[in-house]
Amino acid sequence: MTQQNTAFEEQFGGIPAVWLRFGSFEAAVIPSVGANLVAFRDTEKGYSYLREPDQDQMDEFMAAPAVYGIPILSPPNRYEDGRFPWNGKVYQLPINEPATGNHLHGFLHDAPWTVEGFGSNDLESYVTLSQNIGEGHAFYKYLPFTFSVTLRYSLSSHGLQQQLIVNNTGSEYMPNLFAFHTAIKVPFAPDSQSSDYTAKVTIGQRRELNERSLPTGQFQPLTTEEEQLKQGGVNPFFAAMDNHYTAEPQNGRNYMELTDHRTGDKLVYDVGTSYKHWMIWNNNACNEFFCPEPQMNLVNAPNVEGVSPEESGLVGLQPGELYEQTSRLYPIAAQK
């Protein structure tokens, strides 16, 4: 029996959240911690598709929200010595990864977001959240640009849709760099093992990273397993991964597909072609979750020379311009 389509406010592990329900799907967003969508489930099958924080260990989530659910990163990943050259000026970001001497992951994934509204109808259940960056905001302190970010999540018969909208409300050309550190649970089916799964991701080339996890400008040949990851699929824990790839859409789609070979069910993460790069991280081959991270820009893009903005993803918005990209997480049931 499917549950009623609805959207409502209720706590998740003691923290205020907005819950969405549509048919057998259920999702939860925590506005106060980066508008993180911490849960996406199929309640009929008992599947949990994302790495959720345990209800009794929410302090771990609060300490490290970037490794649960779907965190938004901006500017994403690492910047050498915190330097961020842009449009003739050099901005200085805080060094928050002492081991590498880099800035990591930006200012939105742990910031409080505003709930603009939520609701449900016969077609979807939805929530819209916003972030306005200007004076007084942590982002503005280091990158003084004025803009808004809107995240809209909706559940429908087509699964979970995410819409990202960025609006340059200021008077200067601004960097437009975003990524999602999406943590996919493996296994998502309660009676399966991680060894039952293979993942496919539309990666292209692997970028060489130095000891500070920054691109050297060189590419590395793909291993046999990485070729399988790109083509037919491979277990996502074949090796410890913290790898940076170009995105290479297949058949017009830029996506990750995770298959449970015990049940025959699949989970598809179709991210959209604006994300020119993938980071893939599996927490030292932990056999519990992995992060196929769609990323607009090359790691450390403002400091990388000899690469065009279109290739590096170092793109921006003029005053008044909007950027929009839609992604979707959805299951494909086993073929009978």
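**Ground rules**

I number residues from 1 along each chain as its sequence is written. Since the model is predicted, local features need pLDDT of at least 70 and side-chain atom pairs count only at pLDDT 80 or more, while totals for chains, interfaces and linings use all residues; side-chain values use heavy atoms, with hydrogens and water left out.

**Entry 1: salt bridges**

I looked up the salt bridges, each a side-chain nitrogen of Lys or Arg within 4 Å of a carboxyl oxygen of Asp or Glu. The structure has 14 of these salt bridges.

I began with Glu-26 and Arg-21, whose side chains form a salt bridge at 2.8 Å, N to O. For burial I used relative accessible area: buried is under 20%, exposed is over 50%, and partly exposed is in between (1.4 Å probe, protein chains only). Glu-26 is buried at 6%, whereas Arg-21 is partly exposed at 24%.

Next I took Asp-265 and Lys-45, which meet in a salt bridge at 3.4 Å, N to O. This pair links distant parts of the chain, 220 residues apart. Asp-265 sits in the loop between strand 22 (255–260) and strand 23 (266–270), and Lys-45 in the loop between strand 4 (36–42) and strand 5 (47–48). Strands and helices here are DSSP runs numbered from the N terminus (strands E, at least two residues; helices H or I, at least four). Asp-265 is buried, with a relative accessible area of 6%, and Lys-45 is partly exposed at 39%.

I then checked Lys-266 and Glu-257, joined by a salt bridge of 3.6 Å, N to O. Lys-266 is partly exposed at 28%, while Glu-257 is buried at 18%. I also noted a network in which salt bridges with shared partners join Arg-21, Glu-26, Arg-41 and Glu-52.

**Entry 2: Lys-230**

I found Lys-230 in helix 3 (residues 224–230). Lys-230 is buried, with a relative accessible area of 14%. Its side chain makes a polar contact of 3.3 Å with that of Glu-248. A polar contact is a pair of N or O atoms within 3.5 Å; within protein, one must be able to donate a hydrogen and the other to accept it, and residues adjacent in sequence count only if both atoms are side-chain atoms.

I listed the contacts of Lys-230 (heavy atoms within 4.5 Å). Leaving out residues up to four places away in sequence, Lys-230 touches Lys-200, Val-201, Ile-203, Gly-204, Leu-222, Glu-248 and Gln-250.

**Entry 3: strand 13 and its sheet**

I looked at strand 13 (residues 147–156), where nine of the 10 residues are buried. Two strands pair if DSSP finds at least two bridges between them. Strand 13 runs antiparallel to strand 12 (residues 125–133), with nine bridges joining them. On the strand 14 (residues 159–168) side, 10 bridges join the two strands, also antiparallel, and a hairpin of two residues connects strand 13 to strand 14.

I wrote down some partners. Leu-129 has Leu-151 of strand 13 as its bridge partner. Thr-128 stands opposite Arg-152 in strand 13, and Arg-152 stands opposite Gln-163 in strand 14.

I traced the open sheet of eight strands in the order 11-12-13-14-27-23-22-18, with antiparallel pairing. Its edge strands are strand 11 (114–120) and strand 18 (197–201), each pairing on one side only. Neighbouring strands are turned by 10° against each other on average, direction ignored. For this angle, axes are lines fitted to C-alpha atoms (for helices over the stretch in contact), and angles run from 0 to 180 degrees between N-to-C directions.

**Entry 4: backbone exceptions**

I kept in mind that most residues other than glycine have a negative phi, and most peptide bonds are trans.

The peptide bond from Ser-74 to Pro-75 is cis, with omega near -15°. Pro-75 lies in the loop between strand 6 (72–73) and strand 7 (78–80). Val-186 and Pro-187 are also joined by a cis peptide bond, with omega about 5°. I placed Pro-187 in the loop between strand 17 (184–185) and strand 18.

Ser-213 has a positive phi, near 60°, and lies in the loop between strand 19 (203–209) and strand 20 (215–220). Asn-284 has a positive phi near 60° and is in the loop between strand 24 (277–281) and strand 25 (289–295). Asn-284 is exposed, at 64% relative accessibility.
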